Amino acid sequence: LLKKDNKPEEAAEYYKNLIKLRPGDELYYEELLDLNTGYFQFVGELCAIYKKKAKIKNVISAYESRKNSLKPEDKSYIFVIKILARLYLEDKPYQGESQQGSGENAKKAAAVLEEITAAEPNSIEDLAMLADLYLKSAEYEKAVTVYKKLTEIDKSQGLINHYQTLFMIYNKLSQTEEALEIFRVVMELKNSAIESLLAPANEFFNESFKNGNKKAVLLYGDCIISAYNRQKNVKAAMAAIDRILSVYPQEKAIIKRKGFLMLENDVETNIVEIFKDLCELFPGDIRIRYEYCRLLFKNKKFDESLAI
């Protein structure tokens, strides 16, 4: 009666109450949506009902018609296309059915999500779905753009997942320095966050050795050593250093890293000899000379210490 009397706002209140009373009945959600009042906070709930009742395939055409009958400026348009995008994603082929339809639906969903995120550029849920579609279709550059946006606006637990995916994409694109910049950012977030990247970083570290890619070995090695050191896992940090030196024994920066890591963590095995070598490798480095002098004095080698 209120609808017929052109009182959509009042009618909407009744439909909201009906939804509370009968949350599993899609009719009241659809009636509320069609009122075009600009209020519809039940996108996920309605899609879940369609899925539960196995109505996904049946309602897609209805929502395509709804979309075509509305203009982008209509108040319910954004909610209709949000529902439609999710329906496309949920429309899985039956067993034995061709997978081609699934690919077509993914393209349709991506197109709709692009429209949604253009209208609502900070919609985290829609951006995440769009990024995932780009990733699955190997549109990596587009995926990077969206994931970078997500790292800027998403402060939930999903933030680490966005960084992890970015890290993996950059590695897939052989953009090692960009990948490791992500690693460094995550390392600064909190101590537990870096755990999500250490395993894949070690995989790429190992792969770099196999490929003989010295630059990648040193870049990954630097980040992995820093991460382990931050975690106070000196043994793992030293193991990474020793592995690099076993292949590149003359790598001066890594020898220096080893010396100071040992110094900071009171590891005394061969440390005097290491700093002696560092003095020869870095003759102008005052701090190295000072630490070597101090180590000699500590080991009661006073004459050598005074000579320095």
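**Close-up views of rings, charges and a helix**

**View 1. A lysine over a phenylalanine ring.** In this predicted model, the charged end of K256 lies over the ring of F282, at 5.1 Å from the ring centre.

**View 2. An arginine over a tyrosine ring.** Here you can find R66, whose charged end sits over the ring of Y63. The distance to the centre of the Y63 ring is 4.6 Å.

**View 3. An aromatic pair within helix α11.** The count of aromatic pairs comes to 11. One of them joins F205 and F209 edge-to-face, with 4.9 Å from centre to centre and 70° between the planes. Both residues belong to helix α11, where they are four residues apart, about one turn of the helix. F205 is buried, since its relative accessible area is 3%, and F209 also counts as buried, at 14%.

**View 4. An edge-to-face pair of F297 and F302.** The rings of F297 and F302 pair edge-to-face, 5.1 Å apart centre to centre and with 65° between their planes. F297 is exposed because its relative accessible area is 52%, over the 50% cut-off. F302, at 38%, counts as partly exposed.

**View 5. A cluster of linked rings.** Take a look at Y29, Y39, F40, F42 and F79, which ring pairs link into a cluster.

**View 6. E207 in helix α11.** E207 is part of helix α11, which covers residues 195-211. With a relative accessible area of 43%, E207 is partly exposed. Follow the chain to V217, 10 residues apart from E207, and the two C-alpha atoms are separated by 8.7 Å.

Notes: Residues numbered from 1 in each chain as written. Predicted model: local features only at pLDDT ≥ 70, side-chain atom pairs only at ≥ 80, totals over all residues. Heavy atoms only, no water. Helix = DSSP H or I, 4+ residues; strand = E, 2+ residues; numbered from the N terminus. Buried < 20%, exposed > 50% of the residue type's maximum accessible area, 1.4 Å probe, protein only. Phe/Tyr/Trp six-rings, centres within 6.5 Å; stacked < 30°, edge-to-face > 60°. Lys NZ or Arg CZ within 6 Å of the ring centre and 35° of its normal.
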